[in-house]
Amino acid sequence: MVSLTFSDVTKRFGGRTVIEGLSATLAGGTVTAVTGANGSGKSTLLKMAAKLLLPDAGKIVARDGEQELCKASYRSRLAIVTPEFHAYPKLTARENLDFFLSFRRAEALSDALYEQLLERVGLAPGAVDGKMVEQFSTGMKKRLHFAILLASEADVWLLDEPGANLDAVGRSMVRREARLAADGGKLVLLATNDREEEAEADACISLSGR
Ligand SMILES: Nc1ncnc2c1ncn2[C@@H]1O[C@H](COP(=O)(O)OP(=O)(O)OP(=O)(O)O)[C@@H](O)[C@H]1O
Ligand SMILES: [Mg+2]
């Protein structure tokens, strides 16, 4: 299983300290919630966890068991859900899935798996088939992003406000899938202000904001 260790991590932007001296170990098989007010550094923490941003001090080390993972192999094993993601608007759900998953999966998506994914994320085939993503509602696009995540076979899930723009059924899908992923040995890190997502996590990193 993959683990991620933050050792005394500090992040500053323009001389302003956003995260100071954070130490934590995130283990495969668990869900960790990152909480804190707007601007407290949740998304920054996730970007550092994805190795898209470097800390100004301290270290973040990914391991598979005891073995340290290099950046490239760690990256190949992680998937990110952020509000910034945009599926291709002129492609259908299926075409977007085929496109994004072509980088991630050894095998093409079968019709059966496609149907199963739609069901898991609560997208009715009748509502999406034959439609371009630009015709989807915001929540439908978010659910499609989750379908990409579920099929990605990533070992590390970094979810930035995964319940945002989802209705109550969608948010419970997020909590259910995060738990299933952790039960399957995945490392799940989610930034959230959703009380239920926080309550159902195994561990919590609370950022105070500076
Ligand atoms: N690229 C950047 N350059 C300068 N400052 C940044 C940058 N990214 C984030 N910040 C600042 O760092 C702080 C933390 O931002 P971040 O997006 O991590 O907060 P957040 O906890 O995710 O907030 P929200 O709940 O609103 O999503 C904010 O003050 C923000 O202005
Ligand atoms: Mg954020």
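Let's start with Phe99, which is partly exposed, with a relative accessible area of 32% (partly exposed sits between buried, under 20%, and exposed, over 50%, using a 1.4 Å probe and protein chains only). Phe99 is found in helix H3 (helices are DSSP runs of H or I with at least four residues, strands are E runs of at least two, both numbered from the N terminus). Keep in mind that this is a predicted model, where local features need pLDDT of at least 70, side-chain atom pairs count only at pLDDT 80 or more, and totals for linings use all residues. Residues are numbered from 1 along each chain as its sequence is written.

Now for the pockets. A pocket, on a 1 Å grid over the protein atoms alone, is an open set of points where a 1.4 Å probe fits, with protein on both sides within 12 Å along at least five of seven lines; lining residues have an atom within 4 Å of a point. The largest pocket has a volume of about 310 Å³, a volume being the space filled by probe spheres set on the points. It has 15 lining residues, and the closest to its centre are Ala79, Ile80, Phe85, His145 and Ile148. Strand S6 (78–81), helix H3 (93–101) and helix H6 (138–151) each give two or more residues to this lining, and S6 gives the most, with four.

What about the second largest pocket? Its space comes to about 190 Å³. Among the residues lining the second largest pocket are Thr82, Phe85, Lys141 and His145.

Definitions and conventions
Chains are lettered from A and ligands numbered from 1 in the order in which they are written. Side-chain values use heavy atoms; hydrogens and water are left out.
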